[in-house]
Structure formats: C-alpha cells, structure tokens
Amino acid sequence: FGGYLTEGEIKVSGTDWGKDRRKPKFGDRRPHVARFFYAIPKALEHLVPEWVHPRTGILVVGPLSSVDDNLMCTEVRQARQIGALKVPDELIARARRNMYYRYWDLWTRIEDPR
C-alpha cells in the first residue's frame, strides 16, 4: 500500500474489454491511484488489446488444474507505478471507520435478522 492506491478492473470477455477503449477514465486519472491492473480469465491471456497501455498490469485468473475448483491469480504483466499523491491520513481513517461500521452492521443483521 505505502499510502497509494492500486486500482483493478475485472474483464470477463473481449467485448467487455473493448468497451474500455472508448472510456475517458485513462485520461482523467484519479490522483491517488499509483497502479492499475486488469484481471482477466485465462482464455483472454493472449488477447490483450494493443491499446492497453504498457504500464497497465495484467492479472490472469484460472483454475489450479482441470480437476480443481480452486483459482489461482498470476501476475503476467507488472503494473508500473505512475506519479500519484499519497492518500491523506484523514481519508484512510474515514475508510477504516466506514469498513468497521459496515462489518458490524452486517454482523448484527446475521445474528439478529429483524
């Protein structure tokens, strides 16, 4: 983490991936995101579009073996860090608080489903 964010996006098909080509998100970077990854199924591993920036990381997700339901994630292309601002401590503290309360809110619904 080191005070920076890593963003990841899951793509499930070539069509799904192709939609990103026209999205303005790569021009309008979020200031605290230092690395970006695509997570893709093994079937797309050799179909990385030419427009995907070379600094974008690629994670391939697939089964460990043909007889195993467990999945393995492999980094086939490392995401190169780009200039980013460190996330302010105040924002980190707010995110931790929000996650804490969501966890306890969910837990109380499980124990008391009213």
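Reader: Which residues is Val52 in contact with, leaving aside its neighbours within four places in sequence?

Author: Happy to start there: Trp17, Tyr38, Ile58 and Arg77 are in contact with Val52 once those neighbours are set aside, contact meaning heavy atoms within 4.5 Å. This is a predicted model, so local features need pLDDT of at least 70 and side-chain atom pairs count only at pLDDT 80 or more, whereas totals for chains, interfaces and linings use all residues. Residues are numbered from 1 along each chain as its sequence is written, and side-chain values use heavy atoms, with hydrogens and water left out.

Reader: How many aromatic pairs does the structure hold?

Author: Two aromatic pairs turn up. Rings of Phe, Tyr and Trp (its six-membered ring) pair if their centres lie within 6.5 Å; planes under 30 degrees apart are stacked, over 60 edge-to-face, and the rest tilted. The ring centres of Trp17 and Tyr38 are 5.3 Å apart and their planes meet at 65°, so this pair is edge-to-face.

Reader: What parts does the pair of Trp17 and Tyr38 tie together?

Author: Trp17 belongs to helix H1 (residues 14-18) and Tyr38 to strand E2 (residues 33-41), so the pair ties together parts that are 21 residues apart in sequence. Helices (H or I, at least four residues) and strands (E, at least two) are DSSP runs, numbered from the N terminus.

Reader: Does Trp17 count as buried or exposed, and how about Tyr38, buried or exposed?

Author: Buried means under 20% relative accessible area, exposed over 50%, and partly exposed in between (1.4 Å probe, protein chains only). With a relative accessibility of 1%, Trp17 therefore counts as buried. Tyr38 has 0%, so Tyr38 is buried. Phe36 is buried too, as is Tyr38.

Reader: Why is E2 called largely enclosed by the rest of the structure?

Author: Seven of the nine residues of E2 are buried, so the rest of the structure largely encloses this strand.

Reader: Which residues make up the largest nonpolar core?

Author: There are eight: Trp17, Phe36, Tyr38, Ile40, Leu44, Val52, Ile58 and Val60. At least two residues come from each of E2 and E3, and E2 gives the largest share, three residues. Such a core is a set of buried Ala, Val, Leu, Ile, Met, Phe, Trp, Tyr and Cys residues joined through side-chain atoms within 4.5 Å.

Reader: How do E1 and E2 run, and how many bridges join them?

Author: E1 and E2 run parallel and are joined by six bridges; two strands pair if DSSP finds at least two bridges between them. Glu9 has Tyr38 of E2 as bridge partner, and Leu5 stands opposite Val33 in E2. E2 also runs parallel to strand E3 (residues 57-63), with five bridges. On that side, Tyr38 has Ile58 of E3 as bridge partner.

Reader: What order do the four strands of the open sheet have?

Author: The order is E1-E2-E3-E4, and the pairing is mixed. Strand E1 (5-10) and strand E4 (71-77) each have a single partner strand, so they stand at the edges, with one side of each lacking a neighbour in the sheet.

Reader: What pattern does the protein chain follow along the sequence?

Author: The pattern reads β-α-β-β-β-α, in keeping with two helices and four strands. Of the 114 residues, 23% count as buried.
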